[in-house]
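Welcome to this guided tour! Please open the structure in your viewer and get ready to select residues as we go.

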Amino acid sequence: MQSDKLKNYLHLHFLVLIAGFTAILGELISIEAISLVWYRMTIAGVLMFLFIKFKKMSLKVPLKAVIRFSIAGVIIALHWITFFAAIKASNISITLAMFSTGAFFASLIEPLFYKRKIIGYEIIFGFIVIAGVVLITQTELQYLLGIALGISSALFSTLFAVLNGQFVKKYKASVISFYEFVSGVLFMSIFIAFTGDGFDASYFQLSSSDWICLFILASICTAYAFIASIHVMKHITPYTLVLTYNLEPIYGIVLAVILFPQTETMRPLFYIGAALIISTVLLNAMFKNINKSKI
């Protein structure tokens with residue numbers, strides 16, 4: 001029993017490492033953010049469809065639900081686009097540090113969706129997160145666009161998480177994701193078709209390294225990670241799951257510094273600011289767990 005728990009816990013950390021590795025792939029893939037996300041969601045959508053058919057799940061859901069899934073699909077597409085655009089405009093470390101501000105946005109957005117009061121300590125944590133962002137901004141002004149895109153990505157990610165939290169209560173997570181991937185691809189396809197060169201032959205002429213990285217991103221870092229996280233959730237407490245996934249920026253930044261030391265080594269104030277943001281995220285998860293245990 002204890003060995004099974006340890007196995008699932010190690011599996012969870014592996015999934016978080018995969019999540020952090022997503023940013024590494026974003027740096028390695030040469031195409032622009034919108035195309036990158038289009039390929040990611042297209043490949044992942046096909047793989048998710050095959051998984052659903054293999055498990056003999058039904059894709060029949062009410063039209064109203066499909067519309068809601070589609071809105072969420074556009075939001076997750078915008079999250080990924082701004083995330084990878086932030087990496088292109090700055091670097092992995094900046095992007096992941098800004099992505100951690102999602103916990104601050106959650107403290108403001110969740111009360112609106114779940115009709116609860118804003119918790120006092122979340123406001124305090126919010127100010128600490130802002131202080132961390134200010135520290136990073138002051139030392140890394142050359143990456144101002146990347147900082148803005150990273151914060152936007154965190155906002156879209158929070159919106160998506162709140163919406164999905166309502167969906168999974170009624171529908172299978174795999175089915176939800178399939179519709180979200182399809183709607184995201186349709187949204188980006190329309191945008192690409194009416195801007196730039198559209199889907200001409202050159203659009204699909206990618207380097208072999210880009211194809212390999214894109215397939216790893218869509219299969220392992222998206223489809224597999226999603227399905228595996230559902231399995232892990234059956235054996236790990238929600239608190240452990242949330243707290244562990246909050247380590248994603250740490251794993252990602254460490255990987256980035258190891259793999260790209262010339263572009264990812266930052267000034268000391270950056271790491272102070274990033275530590276403020278990430279530690280606040282972890283403390284927020286701990287406080288929530290303490291409050292739940294008292295109920």
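Start by selecting I123, which lies in helix α6; helices here are DSSP runs of H or I with at least four residues, numbered from the N terminus. This is a predicted model, in which local features need pLDDT of at least 70, side-chain atom pairs count only at pLDDT 80 or more, and totals for chains, interfaces and linings use all residues. Residues are numbered from 1 along each chain as its sequence is written, and side-chain values use heavy atoms, leaving out hydrogens and water.

Is I123 buried or exposed, or in between? I123 counts as partly exposed because its relative accessibility is 35% (buried is under 20% relative accessible area, exposed over 50%, partly exposed in between, with a 1.4 Å probe and protein chains only).

Next, select helix α4 (residues 92-99). Eight of its eight residues are buried, so α4 is largely enclosed by the rest of the structure. Among them are I92, T95 and F99. At the start of α4, look for N91: one of its side-chain oxygens comes within 3.3 Å of the backbone nitrogen of S93.

Finally, go to N8 in helix α1 (residues 2-28). N8 is buried, at 10% relative accessible area. Which residues does N8 contact, leaving aside neighbours within four places in sequence? Show H231, V232, H235 and I236; contact means heavy atoms within 4.5 Å.

Conventions: Helix = DSSP H or I, 4+ residues; strand = E, 2+ residues; numbered from the N terminus. Polar contact = N/O pair within 3.5 Å; in protein donor to acceptor, adjacent residues only side chain to side chain.
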